[in-house]
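Here is a short briefing to read alongside the structure. Have the ligand site in view as you go, and then we will turn to the aromatic side chains.

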Amino acid sequence: MRLPNRREFNDVALGSLVTLSAAMALDAATAVVLTGAARTVKFRGGTIVAAIGQGSGSIGQGRHPAADEEEALYTGLSLGMTLIDTSGNYGEGRSEELIKRVIAGQRDRAFVVSKVEANEVTGDAMARACQATLSRLGTDHLDLYLLHWPTPNAEFSEVVAGFESLRAAGKVRAWGVSNFTVPQMEDLFQIPQGDRCATNQVLYNLGDRRIEHDLLPWCEQHGMPVMAYSPLGGTGASLLRDPTLVRIGAAHECSAAAVALAWTIRNGNVIGIPESGSVAHVKENAVALSLTLTPQELQSLDAAYPLPNR
Ligand SMILES: NC(=O)c1ccc[n+]([C@@H]2O[C@H](COP(=O)([O-])OP(=O)(O)OC[C@H]3O[C@@H](n4cnc5c(N)ncnc54)[C@H](OP(=O)(O)O)[C@@H]3O)[C@@H](O)[C@H]2O)c1
């Protein structure tokens with residue numbers, strides 16, 4: 001079965017959640033068929049992506065053999081986790097170089113996100129950083145380019161101008177930020193064209209729900225998806241030993257990881273970007289695209305991981 005490319009996936013998904021047939025992915029190696037409506041998230045410009053993507057912060061840096069990491073990312077892509085998150089500074093570019101090999105020949109199927117550092121935004125530094133990223137990835141455009149960490153607010157207009165110039169040149173389709181607080185988002189939106197920011201990528205998982213107090217509702221009010229990094233609790237995925245997650249996973253015949261990810265994307269406005277260099281883990285994670293937690297299960301998770309006071 002030929003999988004839909006991203007444009008076809010978007011066409012089918014536009015306006016509503018993607019249907020089962022469009023999102024169905026057959027893994028020939030194990031004959032695992034993902035069933036159920038795959039979760040998607042819509043950017044304000046209308047682009048729709050699968051709600052679970054793939055991170056790559058330590059990819060290409062020897063945590064796993066490179067061939068295993070390539071196969072893991074490739075498998076994730078074929079199972080519908082088409083958004084791949086990287087950064088020019090992950091392993092000094094080695095993450096991007098490995099991703100180049102994964103997306104070679106199937107660039108249209110991937111939604112590629114990379115990042116520029118706060119010290120690379122003045123003068124022509126952003127354009128140079130973007131060009132270096134594009135070369136390492138072997139592509140002529142990024143689907144999304146993010147400012148990795150906030151600059152001083154006084155530099156926001158230069159950041160926006162740099163991103164908009166890359167967008168006008170066709171090097172990036174959209175841009176956004178990462179690790180911005182609500183006051184920083186407010187200030188960004190005061191800058192002309194600052195409201196073209198497509199997303200804010202921030203820490204979010206069951207064990208760290210702080211953005212639910214302010215940033216998550218702010219982004220929802222502004223129609224802006226949030227990208228959740230470390231959705232499994234970060235390196236080592238310590239969250240996944242939690243008995244409540246394990247029990248709910250057992251009820252659905254899936255892993256605790258799939259439950260944690262399904263929880264992360266439950267409101268329809270969050271894209272989770274788990275990282276894995278293991279094919280087996282990637283297959284577990286992809287199950288979250290079609291996993292619906294019951295109200296009782298969500299209550300149990302709330303009780304196990306209550307939203308902390310501000
Ligand atoms: N914008 C930012 O400032 C920022 C900061 C941090 C991260 N990020 C992005 O977010 C991505 C994800 O965050 P993260 O890497 O910090 O944390 P994470 O995705 O929550 O956790 C990654 C860890 O989980 C393990 N894992 C993955 N799937 C698993 C499964 N099914 N079962 C058991 N373990 C599993 C991985 O090991 P295996 O490889 O062995 O599976 C790895 O140790 C990064 O790769 C990066 O792209 C962005």
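Sorted by class, the shell around the ligand holds ten nonpolar, 16 polar and five charged residues. Please keep in mind that this is a predicted model. The ligand takes up the space of the largest pocket.

**Around the ligand**
- The ligand is surrounded by 31 residues, and the closest are Asp85, Leu232, Glu275, Ser276 and His281.
- Which helix gives the largest share of this shell? Helix H11 (residues 279-286) does, with three residues.

**Polar contacts and burial**
- Gly57 uses its backbone here: one of its N or O atoms lies 2.7 Å from an oxygen atom of the ligand.
- Arg63 comes in through its side chain, with a polar atom 2.8 Å from a ligand oxygen atom.
- Pro231 also has a backbone N or O atom by a ligand oxygen, at 3.3 Å.
- How much of the ligand does the protein bury? Taken alone, the ligand exposes 900 Å², and the protein buries 87% of that.

**Aromatic pairs**
- The count of aromatic pairs comes to six.
- Take Phe163 and Trp175: their ring centres are 5.1 Å apart and their planes meet at 10°, so this pair is stacked, given that planes under 30 degrees apart count as stacked.
- Phe163 belongs to helix H6 (residues 156-168) and Trp175 to strand E8 (residues 175-178), so the pair ties together parts that are twelve residues apart in sequence.

Conventions. Residues numbered from 1 in each chain as written. Predicted model: local features only at pLDDT ≥ 70, side-chain atom pairs only at ≥ 80, totals over all residues. Heavy atoms only, no water. Near = heavy atom within 4 Å. Polar contact = N/O pair within 3.5 Å; in protein donor to acceptor, adjacent residues only side chain to side chain. Areas by Shrake-Rupley, 256 points an atom, 1.4 Å probe, with all protein chains shown as cover. 1 Å grid on protein atoms, 1.4 Å probe; cavity = no way out; pocket = protein on both sides within 12 Å on 5 of 7 lines; lining within 4 Å. Sits in = over half its atoms within 2 Å of the grid points. Helix = DSSP H or I, 4+ residues; strand = E, 2+ residues; numbered from the N terminus. Nonpolar A, V, L, I, M, F, W, Y, C, P; charged D, E, K, R; others polar. Phe/Tyr/Trp six-rings, centres within 6.5 Å; stacked < 30°, edge-to-face > 60°.
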